[in-house]
Amino acid sequence: MRREEIIPSAARLTNSLRDLGYEFSSAVADLIDNSVAAGAGRVSITIHFDGPDSWIRIADDGAGMTGASISEAMRLGAARDYGEGDLGKFGLGLKTASLSQCRIISVASRTATNRRRIEARRLDLGHVTETDRWEILHLTGAERPEPLIAPLKEATGTVVMWERLDRVLSYRDPWGGWAQRHLMELAEQLEFHLGMVFGRFLSGQARRRKRLHITINGTPVEAWDPFVRAEPRTESLPVKEFRVAGGLVRFSPFVVPAQREFSSDAAWRRASGPQNWNRQQGFYVYRADRMIQSGGWSRMRTQDEHAKLARASLEFWPDLDEAFEINISKMRVRLPEDLRDQLNRPVAELVKRAQERYRGGDKSRSPRPRPPSGSPPPPPPFRSGGVPTPVDGERRSAGPEEAWSATAPAGGGGNGSGALSPPSGGPGGQGSPVTLARPTAVAALQRAAERAGHSDALESILDQLRRDDPEVARELGL
């Protein structure tokens with residue numbers, strides 16, 4: 001039978017791959033999967049604002065790659081074998097995650113400290129579109145930008161750098177305040193997302209030996225535990241294991257404390273998660289210790305205000321990927337039908353216990369008293385995309401102006417680097433922490449909304465106010 005090879009159009013294929021559904025934070029997380037697979041203990045993320053020349057860099061201290069390995073990694077469907085605990089799957093993540101955010105991907109790597117040789121390759125969508133060929137460019141000497149190779153001058157590891165951030169920034173006004181603020185907001189969202197997705201790696205609970213450290217512009221990312229096991233009032237229900245498609249799935253249910261039972265208001269607000277209490281109830285799905293779903297009942301039941309204290313982990317290993325229908329971006333899973341059947345009763349028991357706790361059925365400890373009249377108001381809520389920052393020994397949500405300071409481009413003030421970086425001090429650069437007192441009226445609204453069962457609705461309104469009327473929001477201390 002006569003055969004004919006049909007080679008896809010590189011230009012059309014690459015542009016189609018840009019729309020696989022990655023969000024900014026999930027795209028960065030996909031690259032960190034590769035760093036974990038390379039044995040990295042540290043991952044440093046740098047977000048640099050410089051108008052149309054802004055760039056984002058993810059650097060690790062892993063084993064590094066040879067030039068041939070980099071070239072293979074930049075092939076669609078890279079040929080490599082994945083180990084039992086590897087976080088990768090399809091051989092597409094580096095390309096699809098990066099292309100979803102930018103037009104130029106550069107990769108540099110160094111494999112040995114006793115050899116200064118650094119290998120570098122680049123994939124430029126402009127070149128691919130012009131030639132209609134999936135070609136990568138070998139970068140040598142002066143062709144390699146300094147930010148690409150700087151992290152490798154003294155250590156082994158791999159650096160991925162994104163340039164021409166057309167999916168991240170609007171180039172209609174690349175020097176405008178919107179672009180700068182948007183990049184700061186993405187940095188905030190990224191910090192919480194990575195703390196959630198890689199929480200077990202950051203806290204040392206993952207089943208790999210090396211603990212992971214991630215920084216964003218020098219600020220450490222802290223692990224977020226959805227089950228708030230550090231709180232003495234968190235209730236752990238019996239763990240169960242279910243056999244699915246020849247593998248095991250572990251179900252670990254928790255009833256988290258009601259607001260009155262938390263050790264502090266700051267701890268309660270942080271536990272609310274990026275989507276607030278109602279939408280954070282449900283399953284937290286872990287694949288090889290990496291979180292790929294945070295909350296939701298996977299169509300087993302609807303969200304319910306009275307069940308918002310119910311959270312459970314579902315853990316499995318990559319041998320069950322097919323059964324769970326993992327997608328390329330590792331952002332979506334589908335529970336196998338035979339697992340759903342086995343979960344019906346344990347989930348019903350979990351929800352029942354959570355509802356009892358919500359209604360105050362647990363009388364073993366009296367409610368934590370509210371602060372007396374005239375006491376300082378509680379910290380603001382952990383809003384969607386918020387970055388926890390230390391203030392007076394607590395954790396609270398910080399607005400873009402507090403969490404990050406964006407220096408002006410060269411000649412425009414600041415340090416001239418253009419990088420988004422952690423603040424060095426409070427207003428006026430005096431080195432004191434920024435502390436915003438939440439007005440009593442807003443705190444009273446939050447307490448009333450909680451008692452009425454509409455906390456999420458109020459937080460949505462406050463979030464909308466931040467977007468529509470930032471000046472008013474700042475006056476209120478939001």
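Okay, let's start with one word: a residue is called buried when its relative accessible area is under 20%. Keep that in your heads, please. And one caution: what you see here is a predicted model.

So, the overview. The protein chain has 16 helices and 18 strands. Of its 478 residues, 52% are buried. And if you take the contacts with a separation of 6 or more, 68% of them are between residues 24 or more positions apart.

Now let's go to helix α1, residues 10-17. Which residues of α1 are buried? They're Ala10, Ala11, Thr14 and Leu17. Look down the axis of α1 and those buried residues fall within an arc of 135 degrees, so they line one face of the helix. What do they pack against? Two other helices: α4, which is 93-99, and α5, which is 125-131.

Next, a pair of helices. The axes of α2, residues 24-37, and α7, residues 177-197, come within 9 Å and cross at roughly 50 degrees. That angle is why we call α2 and α7 oblique to each other. The crossing of α2 past α7 is right-handed. On the α2 side, the contact involves Phe24, Ser25, Ser26, Val28, Ala29 and Ile32. On the α7 side, you've got Leu186, Gln189, Leu190, His193 and Leu194.

Okay, strands. β12 is residues 282-287, and its pairing with β13 is antiparallel, over four bridges. If you want to find the pairing on screen, look for Tyr284, which stands opposite Ser294 in β13. The two strands form a hairpin, with two residues between them. As for β13 itself, residues 290-294, five of the five residues are buried, so this strand is largely enclosed by the rest of the structure.

Last topic: phi angles. Most residues other than glycine have a negative phi. So let's look at some with a positive one. Ala288, in the turn of that hairpin, has a positive phi of about 50 degrees. Arg164 isn't a glycine either, and its phi is near 55 degrees. You'll find Arg164 in the loop between β6, 157-163, and α7. Then there's Ser298, again not a glycine, with a positive phi of about 50 degrees. Ser298 sits in the loop between β13 and β14, which is 310-316.

Buried or partly exposed: what is Arg164? Its relative accessible area is 42%, so Arg164 is partly exposed. And Ser298? Back to our opening definition: Ser298 has 16% relative accessibility, which is under 20%, so Ser298 counts as buried.

Definitions and conventions:
Residues numbered from 1 in each chain as written. Predicted model: local features only at pLDDT ≥ 70, side-chain atom pairs only at ≥ 80, totals over all residues. Heavy atoms only, no water. Buried < 20%, exposed > 50% of the residue type's maximum accessible area, 1.4 Å probe, protein only. Arc of directions from axis to C-beta. Contact = heavy atoms within 4.5 Å. Pairing = 2+ DSSP bridges. Axes fitted to C-alpha atoms, helices over the stretch in contact; angles between N-to-C directions. Parallel < 35°, antiparallel > 145°, perpendicular 65-115°, else oblique. Left-handed = near helix turned anticlockwise from the far one by under 90°.
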